[in-house]
Amino acid sequence: MDKLPPWADAVLVPLISLLLAAALSALVILGIGENPVDAFTLMVEGALLRSAGWGYTLYYATNFIFTGLAVSVAFHARLFNIGGEGQAMIGGLGVALVCLYLPWPHWTLALVAASIAAAIFGAAWAFIPAYLQAKRGSHIVITTIMFNFIAAALLNYLLVNLMKPAGQQDPATAIFPAATHLPTFQDMFAAEANPLFRGAPGNVTFFLAIAACVFVWLLIWRTRLGYEIRALGHSESAARYAGISPVKTIVVAMLISGGLAGLMGVNTAMGEAERLVMNSTEGAGFIGIAVALMGRNHPVGVFLAAILFGFLYQGGAELALWTNIPRELIVVIQALVILFTGALDNMVRIPLARLFARGRRAR
Amino acid sequence: MTDPAIELKGISKAFGPVQANKDISIRVMPGTIHGIIGENGAGKSTLMSILYGFYAADAGEIWVKGQRTQIPDSQAAIRAGIGMVFQHFKLVQNFTVLENVILGAEDGGLLKPSLAKARGALKSLAEEYELSVDPDTQVQHLSVGHQQRVEILKALYREADILILDEPTGVLTPAEADHLFRILDNLRAEGKTIILITHKLREIMEITDTVSVMRRGEMTATVKTAETSPEELAELMVGRKVLLRVDKAPAQPKAPVLQIEDLRHVDGQGVERLRGISLEVRAGEILGLAGVAGNGQSELLNVLGGYADATGTVRVNGKDIPLSGAGCDGMARRGAGIAHVPEDRQREGLIMPYTAWENTVFGYHRDPAIQSGVLMNNAAIREEAGAKMQRFDVRPPNPDLAARNFSGGNQQKIVLAREIERNPDVLLIGQPTRGVDIGAIEFIHQQIVRLRDEGKAILLVSVELDEIFALSDRIAVMFDGRVMGTRDAADTDQRELGLLMAGITEDPGGDAFEAVDAALERKDRREAVHG
Amino acid sequence: MDFATVLQVLDSTVRLATPLLFACLAGLFSERAGVIDIGLEGKMLISAFFSAAVAAATGSVWLGLLAGIVSSVMLSLVHGLASITFRGNQLISGVAINFLAAGLTVLIAQDWFGQGGRTPSLIGQGRWGNITLPFANALSDVPVLGPLYAQLISGHSLLVYLGLLTVPLTWWILFRTRFGLRLRAVGEAPEAVDTAGISVTGLRFAAVAICGLLCGLAGSYLATGLQAGFVRDMTAGRGYIALAALIFAKWRPWYALMACLLFGLLQAVALRYQNIDLGGLTIPVQLMDALPYILTVVILAGFVGKAIPPRAGGEPYVKER
């Protein structure tokens, strides 16, 4: 088969897929009687042209970096972790427990402890599907889906029956103590004269997400474990031959994946709501799939794709606010991105490869 | 004069930059067996795939029985009376023989009448051509020989009068191959036309009427079998005189290094694949393990390589090696001095999308010498890989190229370089030259002999009896999970090994066919009980 | 628990099992042909919406059913395009389809009806009526058998009976017809089908289209039979439960019926009893909600017998050289 040059594979294919998704989305917007150009302008204005918009965009992007990395790490081991949603929910539970039930003198310490708890809780939620896949061959796609539902039921139970303060209506924990408040971008960058990021939830966790990108890059491409994870992902029979334990590698890769997804809880529970609410994940676990596919499972790609989806999310919220377009438009765009970059990849790749081959012959 | 059953005129086919078939013309007369011989990759299978409608030729014409015929798909080939028995059988494993036979050739929308009709047809075909198979057995419970019969039956049921067989004996014992040839003989007697694709000269000489030789996508000659010789064909195949003899001094074996006692292994289906293997390989010798594929050789390599559990004893330099549980994996084996060039380099020996340099440490990647702190020292690994590739004449010597971009021979050299440059005590090596071009074969054989002369113990597994003879100092033969006997290479011959490969230790004299068939049936039954 | 309660629970079991059954058999056709489909959920959802929307607009439940089936088959074809024609990842395609349906249904519902992503409630001919089988009323006084017949067997909508009939029909198609033979073959060994001169692509598309048809029936029943209208995300994981039932059933039609009835029973019990009090020990409703998923994991873990899926499942077919 004709081959694409690496740059085209890494940049051109996702870009064309994105354009296709965008074009179809524009058709959808037209279909419901709105103007796609106006809608796009509104999204850009709301998400990118004001610092507060960026504060939201980066807040969402932080979530998507964590879940996108989570899906990527699993993908490298050829595991499809659809359970980011549940793992993030349970990660949030870990954050809430640390923030509510331990006394913290300073937010830095609380952040470290909450991050560790979030990662451990998220990893723990990934453990059973991982173990069942590794040991008993239970299809991890199905088990992680099931664990999303189970996580939702568990969280519902805990919030309603155990963690909800007396007299409160909505299923959520009490507000976290003030000492655990994480600096927002507003706290960090705004001055009297220059009120930046006003009211936006973007916070210091964003930098934690960047650190996670670096961590994943080192892990996958520079460590023995990453070497083994990728080797297993390419060929299980070869991994066995080399003495790489598939069971161990699958479990470890999924624990890291679940831990990364769990870290998202720091951003949502500690950074934004300052308490744990039902549904705090808002589907970010699933957006991680789109982000990982779009970003070609590379931390740099994941970072960029996460920013893009942060923009879409914030822009979508603006649309819902000012037009008749509901936020579900973003779900449609997300679906189209997954479809084009993931499942219909060859539809873009094959004609493109032919084009390149023809170009080469012409020269 | 009668028209040829098949005539190809000027067939060409390219896959990207690779010209698989170049302007090929061929005439096959009805009622004959026509051989097509050539090395792996010479383009034989591609040519037949074109004839069977799997690929469209870029240029050329196909004539069937005097008619210009378009064969855009397999359906058209079947309509033209062409049947094909592929090297890898195209059978539905959990269907019965009957279901497999009618698939695609059903009469009407309901199965019942089709099954009844096929049952009758199978019965008469079985009598006519010695092609008996139980119609109600699931294919997965049949031996390979019987599965092949199902493939032939499929073609005959579709009333094919031109039958193409692609490397049909690769998975058969000599006796099963004999039976196949008897079937082909019967088919020829009935006026069927047969095209036999093979790379084995002996088969060509034994059964064909005419033979065409292919080399690098071209048809180099078509001759009457009666008017040629194996030597001439071999020369036509490779373009020069072949020396399947390896220059080597007599072995100087020393103390036993690898000792195997009563080794037993049960596979995932519960079939005992190794049934008490005892072997000994000494320093400075090559022990060749001969046998038809699927008689436990692969399992033995897997067990010794550390990725299949077993019971029994394995000692390296007198030290016991764990055969299951912790400490039984590929990396531990390498630590104990066992290097392993696996049978299937693409599925086991290499990670195909990994670069060459990444592959040069595969399985050794936890070696502390190539780490810097918690990270792998990729720069050092890459540099060392470049040097290794030079030493082993890997072409192109570019460590950044992905393994899948190298030819088979060069891939094998990468594996070989990795495994033998770390000075192991024992080298396990399976099918060292499968799918490797002639030039690389010589190089690889020289490396194996060199390693022997350095005093290593080498266990060689190959289904190519010629290779076993060329390299081994002693030869052990495996059949049905047991070692049937061990002979000095100098004191044995093809006939003796052939009988051992069929599970017969005493030469019955004359036609060994009956004894062989009985032995194979015993084996089938044992496997079917579990299957 | 008295007999009447048991009957009521069983009655609602049959109703709740029906969409699962359609979806499960849909998955059976697809996966038996070697195309894994985790997009059952999305296809049910889109069919539920279009069934309800068209039924609400036209007042005809039949037109609704038709619209539901058409929409579901369209999504099937997208799945076929991705996983058969372009040899993409079948799991990812399924995920995309689920989101596409989740987003599109609300988007269009909001545009058409402006009720926050739901359709108007269906009344009269917009819903499936219940069919009273012959003599149901006359026999209802007969002890035990009478109520059993009148309440459990009689009195369901047409689609419930259709669903039950689909089980033997599926069995018959798979194991007694040429199409079934080829369909099973293409899920086990597509190369055998290809060399026999049959189109792998054609067979798989046929299977995927049947899958769409059955998912359409499932979604339609959900919105116009079980309930009276569409609400956002109304499938609520039923597509995944159907998938689990398929695994539980080891890809066999009669077992699929059993598995769906079991999961239907779980849902019926959860629906009727909120917190179950077992003498001091209270089972919270959340556990009841999660139970189908937990059971599925237990089943998948292989503690209830090994499920061997069709051999070629999930793998796009590429001709070998």
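A: Two strands pair if DSSP finds at least two bridges between them. Strands (E, at least two residues) and helices (H or I, at least four residues) are DSSP runs, numbered from the N terminus. This is a predicted model: local features need a pLDDT of at least 70, side-chain atom pairs count only at pLDDT 80 or more, and totals for chains, interfaces and linings use all residues. Residues are numbered from 1 along each chain as its sequence is written, while chains are lettered from A and ligands numbered from 1 in the order in which they are written.

Start with the open sheet of 4 strands in chain B. Its order is β2-β1-β4-β5, and the pairing is antiparallel. At the edges stand β2 (18-28) and β5 (67-68) of chain B. Each has a single partner strand, so one side of each is left without a neighbour in the sheet. Strand β1 (residues 6-15) of chain B pairs with β2(B) in the antiparallel sense, over 7 bridges. Within this sheet, B:F15 stands opposite B:V18 in β2(B).

Chain B has another open sheet, this one of 6 strands. The order reads β6-β7-β8-β3-β9-β10, with mixed pairing. Its edge strands are β6 (82-85) and β10 (218-224) of chain B, each pairing on one side only. Neighbouring strands of this sheet are turned by 15° against each other on average, direction ignored. Angles here run from 0 to 180 degrees between N-to-C directions, and axes are lines fitted to C-alpha atoms, for helices over the stretch in contact.

B:G83 faces B:L163 in β7(B) as its opposite residue. Helices pack on this sheet. Helix α5 (residues 144-157) of chain B touches β6 and β7 of chain B, and its direction makes about 170° with that of β6(B). Helix α6 (residues 174-189) of chain B touches β3 (33-38), β7 and β8 (193-198) of chain B. The direction of α6 makes about 150° with that of β8(B).

Next comes a hairpin. Strand β11 (residues 256-266) of chain B and strand β12 (residues 272-282) of chain B run antiparallel, joined by 8 bridges. B:I260 has B:L279 in β12(B) as its bridge partner. The hairpin leaves 5 residues between the two strands, and B:G270 in the turn has a positive phi of about 90°.

One more backbone detail in chain B concerns a proline. The peptide bond between B:R395 and B:P396 is cis, with omega about -10°. B:P396 sits in the loop between α13 (378-391) and α14 (408-420) of chain B. Most residues other than glycine have a negative phi, and most peptide bonds are trans.

Now the neighbours of this chain. Two residues are in contact if their C-beta atoms, placed from the backbone, lie within 7 Å. On that basis, 24 residues of chain B touch 16 residues of chain A. The elements of chain B giving two or more residues to that side are α10 (330-335), α11 (345-349) and β18 (375-376). The side of chain B divides into 12 nonpolar, 8 polar and 4 charged residues. Ala, Val, Leu, Ile, Met, Phe, Trp, Tyr, Cys and Pro count as nonpolar, Asp, Glu, Lys and Arg as charged, and the others, Gly among them, as polar.

Chain A also meets chain C. That contact takes 37 residues from chain C and 37 residues from chain A. The largest share of the side of chain C, 14 residues, comes from α4(C). That side of chain C splits into 23 nonpolar, 11 polar and 3 charged residues.

Inside chain A, look at one helix pair. The axes of α8(A) and helix α11 (residues 246-273) of chain A come within 10 Å and cross at roughly 170°. The two are therefore roughly antiparallel; angles under 35 degrees count as roughly parallel, over 145 as roughly antiparallel, 65 to 115 as roughly perpendicular and the rest as oblique. Residues making the contact include A:L208 of α8(A) and A:L263 of α11(A). The contact has 5 nonpolar, 3 polar and no charged residues.

Finally, confidence. pLDDT is the predictor's confidence in each residue, from 0 to 100. Chain A averages 92, and 99% of its residues score at least 70. Among the elements of chain A, helix α8 (residues 205-222) has the highest mean pLDDT (97) and helix α15 (residues 345-362) the lowest (84).
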